[in-house]
Every structure is written in C-alpha cells, then in structure tokens.
Amino acid sequence: MTAGGELFRRWFDRLTAAAADEKPTAYVFVMGSLAEILRVFDFELSFPEINSLQTAVRRVAHQYLNEAEDYGYSPDVCGYLKADVAVQLRKGAHPMGTLPPPRIAIAGNACNTYVKWAEIWERLYHIPVFTLDVPGTRRAASQTWPGDPDFAGDCAYVAAQLRELIGLCERVSGKRFDVDRLREGMAHTNAMTAAWRRVIELNRSTPAVFSAVTEGTVYLGVVNGFRGTSEGRAYFTDLVEEMEYKAAAGLGTIDDERYRLAFVGVPCYPIFRRFNEMFSGSGGVFVNSTYLWFASGGADLGYQYDLQRPLESLAEGVLISVRRAMDAMFHPARLLADLLEPYAVDGVVYHPIKSCRTVSTGLADSRRALMAQADVPSLFIESDMMDKRVVSEAQLKNRIDAFFEGLTARRARA
Ligand code: SF4
C-alpha cells in the first residue's frame, strides 16, 4: 500500500512536469488503454478516471462536480467525466498536481461515456481522438476463442485498428514505430498481468490476504497506470511475494475475519475508509470483486502476449481482455457464481452508484440471476463513487448491520 501510494505521488509529479514542459500526453481509459503502443512513442499517459477518483478520495470531488454542473452538465452525467471537465476548466489544477492537456486521446467502446467524454477533449483541444471498437459478447455463451473463425475475424478487426493507431501516433509524435520497444512493454505487461491474476487467486486463502475494495483499489491503480513499465513489473513481483508469504503464514488483512464477501460495482470513494469499516467492523472482508476485473481492463485473466508475433498477439489480448471487462460489468452473474465456492463466499454486496450508469444499470437483474443460480445471501445498497450528496452513511450503516445480522442468523441455523 505504501509503495503504491509512493508510485502514484511520483506519477502525479511526472504529469505536473509534463504540463510544465508541454510534453505530449495521451488521455486514455482503464478499459482498453493501449498503453503498450502509446509508450513506444513516449507519450505520458493520463487516466482521467483515476484522476477523478483521487478528487473523491481527497474529499474535494464535490467542488469539481459543482463547477461542471454550473457549467451546464447534468447531475445525471458520469461523475468522473464531470470532475475531469472541471479540471480542464481549471487548466489542469488537481489536488495531486497539474495535469497536462492531451495531444491525443484513446476512447474504447467498453463504456459509452468514454466516446462522448473524448469528444469534449476534441472540442476543447482540437486533438485527434482514436476510437477503439472491441467486439463484445453477443449473447450468453457465445464467446469465441483462438482457433474459431469468428474469433479470427474479430482479431483481424482489432489488429487493423491497432495498425491505424500506430500510424496516427507516428504523425502526432513525429517518432517512428519501434517493434522492439513494443515487445519490451508487452513483456512487462505479461509479468504484471500474470502477477495480478495470482494476487487475486491468493485471496482464496483463509483469512483473506487483502481487501478487494481497499488494498485492491491501490493495486488496480498500479496495474493500469504502470502497465507495460519496469516499475509496474517490479511492484507486482514484490506484491506476489508479499501475498504468498501472508497466505503461507495465515496472515489476514483484518484480525477477525468472520464473513467473506464478494463486491459488485464501484467503491464508495467519498467515504472510502468508512465504507470499508462498516463491513470490517463486523468481521466482513471483501475477498474478490467485479471491480478488480473490469477496472483492470480484464487484466485479471492474465492474458500472456506472444512476443514472437507482437501485433497479432496484442490484438488478441485486447480483444480477450476488454471483452472480459465488458462481461464483468454487463452480466457478472455467471462469473460471480463461479467464484462462490473457491473463495468460500458468505455473501455478495451489490453497490450500484448514481454516477456510473454503465456499471449500475442492470445490477438488480444481475442479482436476481445470481439468486436463481446460487443459495447465497446478498445486499443491495446504493450510493455513489464521487458525489457525497447522495451518500447517506447512516442509511448505509443500517442496511449493512441488518445484512450481518442475517448472516449471523443463517450461520447459527446451519
Ligand atoms: S460511466 Fe462508469 S464506466 Fe463509464 S466512464 Fe463513467 S465511471 Fe467509468
């Protein structure tokens, strides 16, 4: 946690320096960042979603949201987007430093907001916006995999887009594409995603070695922000070692683990620590979450690039990973049902949020689908990941306490 915090302080220092030096910066999103390609051209990467959530963790998000709403954005619009609009209106002023304006932006289709958000930068800065279209799951159990002609078609479609992006990056940066630098970045990503998968797996141990909501959010930041870098690789090498040690020694993330929970949705950043304490105070620990899957852009699958055929393999990895991220948001019931037993889950907590329709829409249906498949108690609580005006701590606490009473009674009956 300390090392992750330090990495992010340095990250914002770099962005502040990039703003001062007018260094070319790419704005990217966590699902389909294409960091490996952008790093070949020495773009600094800025993740507006991460920048925005930092304003909430630092308890100033409401100032940014109010500013964007005064400017004309509706309260219904994604809170991350609005905080970023306010940052842009303030010429990059952010609680962690100064954020540089973009020279290029990449918007994937994993969230429809991404595309509209990037159009704002296009209007503000007259920069090229590259829209990455990744074919998602068409219907239940219709995913195709390597060896299937449909999969090959989807891969070719993504690969053609990546080649187009490389041409665009050459034009914007004035640098030639270097496939060996791409391979180098991909090798770092391979190590990071394999480690990320392992870290998540290690939370099968009892007691859980980390909280998927608190520590997990820091790991997520590193897996996104430092994707394809030696720093990210070193961080995850150490993290696996630490988690292996904790698992072997029976060291849990909380002292008194009584209930193992799965989390669905996005955390409540305006009261981040307090939100977790409402669960940990009753011995609840989050052992896994859909957030770890989709907000890492599907890196939890640990897809390994084949460095002998970098571009084709990058396209394959992007397709499989971004598709996974979309599945984790749009129909997580089956994925959740599969983790109940291995992670010994006692209950599932659904946390739809006002500011993110993409993740929240359909969660009630998804919950019903899971209940039809599995005998597991669940809790449905609503708040927000940015907007403290719709976070009612007392109401949340009542619901959460009642949920634990139910878990206790159920265990007593058993
Ligand atoms: S709507 Fe949700 S997934 Fe989309 S950008 Fe906003 S927070 Fe991210």
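Which residue of β9 is the bridge partner of Leu261? It is Gly347, in a model that is predicted, where local features need pLDDT of at least 70 and side-chain atom pairs count only at pLDDT 80 or more, while totals for chains, interfaces and linings use all residues. Numbering starts from 1 along each chain as its sequence is written, and side-chain values use heavy atoms, with hydrogens and water left out.

That pair belongs to the contact between β7 (residues 259-265) and β9 (residues 347-351), which run parallel and are joined by 5 bridges. Helices and strands here are DSSP runs, numbered from the N terminus (helices: H or I, at least four residues; strands: E, at least two), and two strands pair if DSSP finds at least two bridges between them. The sheet is open, has 4 strands in the order β8-β7-β9-β10, and its pairing is parallel. β8 (284-289) and β10 (378-380) have a single partner strand each, so one side of each goes without a neighbour in the sheet. From one strand to the next, the twist averages 30 degrees (axes are lines fitted to C-alpha atoms, for helices over the stretch in contact, and angles run from 0 to 180 degrees between N-to-C directions).

Another open sheet with parallel pairing puts 4 strands in the order β2-β1-β5-β6. Its edges are β2 (44-46) and β6 (129-132); each has a single partner strand, so one side of each is left without a neighbour. Neighbouring strands of this sheet are turned by 25 degrees against each other on average, direction ignored. Parallel strands β1 and β2 are joined by 3 bridges, and Thr25 has Glu44 as its bridge partner in β2.

On a 1 Å grid over the protein atoms alone, a cavity is a set of points where a 1.4 Å probe fits but cannot get out; a pocket is an open set with protein on both sides within 12 Å along at least five of seven lines, and lining residues have an atom within 4 Å of a point. Points are joined across faces, edges and corners, and a volume is the space filled by probe spheres set on them. The largest pocket comes out at about 1100 Å³. Its lining counts 48 residues, with Leu53, Val57, Thr217, Tyr269 and Tyr291 the closest to the centre. Elements giving two or more residues to this lining include α1 (2-21), α3 (48-57) and α6 (112-125). By class, the lining splits into 28 nonpolar, 12 polar and 8 charged (Ala, Val, Leu, Ile, Met, Phe, Trp, Tyr, Cys and Pro count as nonpolar, Asp, Glu, Lys and Arg as charged, the others, Gly among them, as polar).

The ligand takes up the space of this largest pocket, a molecule being placed there if more than half of its atoms lie within 2 Å of the grid points. Residues around the ligand (a heavy atom within 4 Å) include Glu49, Cys78, Tyr80, Trp117 and Met385. α6 gives the largest share of this shell, 3 residues, and the shell divides into 7 nonpolar, 2 polar and 1 charged.

The search also turns up 1 cavity of 30 Å³ or more. About 170 Å³ of space lies in the largest cavity, which is lined by 19 residues, with Gly32, Arg227, Gly297, Tyr305 and Ser321 nearest its centre. α13 supplies the largest share of that lining, 4 residues.
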